[in-house]
Amino acid sequence: MAQSLSSFIVVTILVFAPTLCFAGKSNGGYLYPQFYGRSCPKAQEIVKSVVAKAVAKDTRMAASLLRLHFHDCFVKGCDASILLVSTGSMLSEKRSNPNRDSVRGFEVIDEIKFALEKECPHTVSCADILALAARDSTSLTGGPSWEVPLGRRDSKGASLSGSNNNIPAPNNTFQTILAKFKLQGLDIVDLVALSGSHTIGNARCTSFRQRLYNQAGNGLADFALDQSYAAQLRTRCPKSGGDQNLFFLDFVTPTKFDNNYFKNLLASKGLLSSDQVLVTKNQQSMELVKKYAENYELFFEQFAKSMIKMGNISPLTALNPTAINSYLPGIEALSGTNFKKWKEQIRIVLEIMDLDYALRESAPTKPNDTSSTEHMALYEK
Ligand code: HEM
């Protein structure tokens, strides 16, 4: 019984959900910006105020928070698995090669979570906090803003191997990087636009040293790197030692979210090899770099779209009562011209609620002569 109902509920949702949702569908999960509209109306305001405070104290924090969302989404989807610490049976993603001694911002996420638990306990997921903090970090540093589809749930498991294998490395080839994006359902346009995140933030000497001394195994610096820029970088990034020394990813406007990153690439002054290959190894990505270097609005527009797409990678969603209730704010208001559509949306929500109830409650016992009328009515239902 429960199984046939489950199949029915899945079919119902697959058939009808597109009319209920206004954003991000991925792998059967439905996210939409108004998810906390009723359950935690101040959620977005709270996230933004904590992020703003943290960025005012340390401008680099914007970059670090933006990167946390990326490193979360590329491993088992945007499920906050990056935040989990190791347990007896699970190894934390914080120990992976891309993350170790590199990702930061966990204390800001903790502070946001603390503030949200005070306002509306057990409501806002950490995966949604990461997505909102990434958006706020972008807009607070001068970049675009967008509506973040919400409703992700948090994972209870992490994947150290996923973190090591799925997140692109700075010395990966263009083809490998693109393949890793494609594995997540992202394309070359997303790759170029999202790489534009490197308009803010820092990288350590160890992330690009090879380019300065021995890019191709011949003891020479990378030909794709401007030679005077390389000489300048070598002064603080020696052949050995200084691994943790920090360098701006965009040396022109390091704390401002703008399109100078793309202009730098065209001048052979991208810091990471993975940045520079966007102009040296593929015609289509080179043309996109040119377009974004010429027109920052085009870059901002695509960046917002690609961030939403990245934020939709395999979210965990559930048909729990909160999730179902939160479909309601997504139903458009009755206006006098949309009665048919409005009625259909209400009917679907009510049906889903009925089915959800039926799935969670055990079947009532068979009534007998002494049963109450409520019991009989429930059994009939
Ligand atoms: C295309 C493949 C990518 C590669 C190979 C890559 C690699 C890197 C590396 C090596 C660093 C410096 C880490 C360190 O030295 O500690 C870095 C920093 C950063 N990355 Fe990426 N990244 C990529 C794409 C992205 C994407 C898609 C985003 C965001 C959507 C992003 C956001 C950032 C930010 C903001 C920083 C600076 C972080 C900070 O200052 O704390 N990156 N990335």
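Reader: At what angle do helix 4 and helix 5 pack?

Author: Happy to start there, with the note that this is a predicted model. Helix 4 covers residues 106-119, and its crossing with helix 5 is right-handed. The axes of the two helices lie 10 Å apart, and the packing angle is about 115°.

Reader: Which residues of helix 5 make that contact with helix 4?

Author: Let's look at both sides of the pair. Helix 4 brings I109, I112 and K113 to the contact. By class, the contact of helix 4 with helix 5 holds six nonpolar residues, one charged and no polar. From helix 5, the residues are C126, I129, L130 and A133.

Reader: How are helix 2 and helix 5 oriented to each other, perpendicular or oblique?

Author: Helix 2 spans residues 43-57 and helix 5 spans residues 126-140. Their axes are 9 Å apart, with an angle of about 55° between them. An angle of 65 to 115 degrees would count as roughly perpendicular and one under 35 as roughly parallel. The two helices are therefore oblique.

Reader: What is the handedness of the crossing where helix 2 passes helix 5, and which residues of helix 2 are in the contact?

Author: The crossing of helix 2 with helix 5 is right-handed. On the helix 5 side, the contact uses I129, L132, A133, D136, S137 and L140. Across both helices, this contact has eight nonpolar, two polar and two charged residues. The residues from helix 2 are Q44, V47, K48, V51, A52 and V55.

Reader: How do the axes of helix 3 and helix 5 cross?

Author: The axes of helix 3 and helix 5 come within 8 Å and cross at roughly 140°. That angle makes helix 3 oblique to helix 5. As for handedness, helix 3 passes helix 5 in a crossing that is left-handed.

Reader: How many nonpolar residues are in the contact of helix 3 with helix 5?

Author: Helix 3 contributes A62, L65, L66, L68, H69 and D72. Helix 5 answers with A127, L130, A131, A133, A134, S137, T138 and L140. Three residues of this contact are polar and one is charged, while the nonpolar ones number 10.

Reader: Which helix gives the most to the shell around the ligand?

Author: The ligand is surrounded by 26 residues, and S64, S102, S197, G201 and A203 are the closest. Helix 3 (60-73), helix 8 (188-195) and strand 3 (202-204) each supply at least two residues of this shell. With six residues, the one that gives the most is helix 3.

Reader: Which domains each give at least three residues to that shell?

Author: By class, the shell has 13 nonpolar, nine polar and four charged residues. At least three of its residues come from each of domain 2 (8-167 + 314-321) and domain 3 (174-309).

Terms used. Residues numbered from 1 in each chain as written. Predicted model: local features only at pLDDT ≥ 70, side-chain atom pairs only at ≥ 80, totals over all residues. Near = placed C-beta within 6 Å. Helix = DSSP H or I, 4+ residues; strand = E, 2+ residues; numbered from the N terminus. Nonpolar A, V, L, I, M, F, W, Y, C, P; charged D, E, K, R; others polar. Domains from an automatic or database assignment. Axes fitted to C-alpha atoms, helices over the stretch in contact; angles between N-to-C directions. Parallel < 35°, antiparallel > 145°, perpendicular 65-115°, else oblique. Left-handed = near helix turned anticlockwise from the far one by under 90°. Contact = placed C-beta atoms within 7 Å.
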